[in-house]
Amino acid sequence: MLAVIVVGGIVAGCSGGSHPAAAIQTQSPASQSASSPSSPTASAAGVSGGQTVGSLCSSQRRAVVGGAYMVQNDEWGSGAPECVAVATGGGFTVAKSAIAKSAGGSPGGYPSIYRGCHWGICTPGSGLPVPASRLLSPGTATTSWATTQPSTGAYDVAYDIWFNQAPTTSGQPDGAELMIWLNHKGAIEPYGSQVGTATIDGRSYQVWFGQQGWNTISYSMVTGTTSVQDLDIGKFVADAMSRGWIQKSWYLIDVEAGFELWQGGTGLATDSFAVNVRG
């Protein structure tokens with residue numbers, strides 16, 4: 001199956017929180033529709049920017065492009081006023097944030113967009129789950145993401161990619177949380193401890209690891225960026241497997257991209273986003 005999405009990190013102590021979905025309220029999907037795949041290859045409608053069509057505050061979420069994607073505010077660690085504006089095409093912007101958490105603790109929230117299954121809430125036609133062993137074949141799962149990043153605040157710009165030991169789960173995935181941090185602002189670090197470095201597709205990363213009931217693996221770009229194009233998820237999985245942190249028998253069930261917020265974050269935006277899963 002080919003599933004395509006197009007839409008338009010680091011913690012000193014506790015990144016990679018569980019981001020529970022149970023308390024997230026769902027709004028009605030955007031007006032676009034998406035048909036169910038009827039052949040071995042299916043393409044999801046594109047998601048990008050556009051006019052603002054709604055606001056998500058606290059822990060609300062909104063299905064976009066007929067449910068093919070889900071935008072979630074996911075303010076799971078703070079009660080401060082914080083909202084995102086969702087665009088007609090499914091992209092989103094942090095419209096306001098009064099989150100003020102210690103840089104040495106957990107973030108206040110993770111406004112994000114995802115494709116797959118987040119705590120049992122799934123988007124249709126995603127091509128997921130995928131056995132982790134399949135990801136070792138180049139190009140099986142790739143992703144592109146373009147962001148806008150303000151100069152103030154304390155936040156990361158991070159993928160949150162989840163692996164479960166079974167193909168599905170209604171709660172916390174029990175395998176691994178793979179974070180890819182494109183950039184960060186402020187005195188924050190990934191969860192756990194730095195255990196090494198890696199070079200993947202010519203980019204240098206710090207590699208961090210921690211265990212909190214599941215393996216949390218973070219690849220933090222040494223030189224930050226605002227965007228990536230055709231990033232091969234499998235290459236990060238291969239490195240994590242070589243370190244014993246992801247098993248071939250586990251399943252990739254969810255690909256998320258967003259911003260963990262410690263302080264402020266107003267103006268952060270996902271301008272475009274894409275995930276391609278080939279089978």
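Predicted model: local features only at pLDDT ≥ 70, side-chain atom pairs only at ≥ 80, totals over all residues.

1. Leaving out residues up to four places away in sequence, Phe-163 touches Ala-132, Leu-135, Pro-173, Asp-174, Gly-175, Ala-176, Leu-178, Val-237, Ile-246, Trp-250, Tyr-251 and Leu-252. Phe-163 is also one of the residues with the most contacts inside the largest nonpolar core, a set of 54 residues. Trp-145, Tyr-159, Ile-161, Tyr-219 and Ile-246 are the others named for that. Another core, of 7 residues, lies apart from this one; among its members are Ala-154, Ala-158, Met-179 and Trp-262.

2. Ser-102 belongs to the loop between β7 (92-97) and β8 (112-118). Is Ser-102 buried or exposed? Its relative accessibility is 52%, and the cut-off for exposed is over 50%, so Ser-102 counts as exposed.

3. Next, helix α1, residues 233-242. Of its 10 residues, 7 are buried, so the helix is largely enclosed by the rest of the structure. The buried ones are Ile-233, Gly-234, Phe-236, Val-237, Asp-239, Ala-240 and Met-241. After the helix comes Gly-244, with a positive phi near 85°.

4. The salt bridges are worth a look while you have α1 on screen. The count comes to 2. In one, the side chains of Asp-201 and Lys-235 meet at 2.5 Å, N to O. That pair links distant parts of the chain, 34 residues apart: Asp-201 sits in the loop between β14 (193-200) and β15 (203-211), and Lys-235 in helix α1. Both ends are partly exposed, Asp-201 with a relative accessible area of 49% and Lys-235 with 37%.

5. What does Asp-239 pair with? Its salt-bridge partner is Arg-243, and the closest N and O atoms are 2.7 Å apart. Asp-239 has a relative accessible area of 18% and is buried, while Arg-243 is partly exposed at 29%.

6. On to the disulfides, of which the structure holds 2. Counting bonded cysteines along the chain, the pattern is 1-2, 3-4. Cys-57 is joined to Cys-83, with an S to S distance of 1.9 Å. Cys-57 lies in strand β3 (residues 52-57) and Cys-83 in strand β6, so this link ties together parts that are 26 residues apart in sequence. The torsion about the S-S bond is about 110°, so the disulfide is right-handed. Cys-57 is partly exposed, at 26% relative accessible area, whereas Cys-83 counts as buried at 6%.

7. The other disulfide joins Cys-117 to Cys-122, S to S 2.0 Å. With 115° about the S-S bond, this link is right-handed. Cys-117 is partly exposed, with a relative accessible area of 21%, and Cys-122 counts as partly exposed at 41%.

8. Where is Asn-73 placed? It falls in the loop between β5 (69-72) and β6 (82-87), and at 0% relative accessibility it counts as buried. A polar atom of the Asn-73 side chain lies 2.8 Å from the backbone oxygen of Ser-58. Not counting residues up to four places away in sequence, Asn-73 touches Leu-56, Cys-57, Ser-58, Gln-60, Glu-82, Cys-83, Val-84, Tyr-110 and Pro-111. Both cysteines of the disulfide between Cys-57 and Cys-83 are on that list.

9. Finally, strand β4 (residues 60-64): 5 of its 5 residues are buried, so the strand is largely enclosed by the rest of the structure. In a regular strand the side chains alternate between the two faces of the sheet. Here both faces are covered, with Gln-60, Arg-62 and Val-64 buried on one side and Arg-61 and Ala-63 buried on the other. β4 pairs with β5 in the antiparallel sense over 4 bridges, and Arg-62 stands opposite Val-71 in β5. The two strands form a hairpin with 4 residues between them, and Val-65 in the turn has a positive phi of about 55°.

Note on methods:
Residues numbered from 1 in each chain as written. Heavy atoms only, no water. Buried < 20%, exposed > 50% of the residue type's maximum accessible area, 1.4 Å probe, protein only. Polar contact = N/O pair within 3.5 Å; in protein donor to acceptor, adjacent residues only side chain to side chain. Contact = heavy atoms within 4.5 Å. Core = buried A, V, L, I, M, F, W, Y, C linked by side-chain atoms within 4.5 Å. Disulfide = S-S within 2.5 Å. Pairing = 2+ DSSP bridges. Salt bridge = Lys/Arg side-chain N within 4 Å of Asp/Glu carboxyl O.
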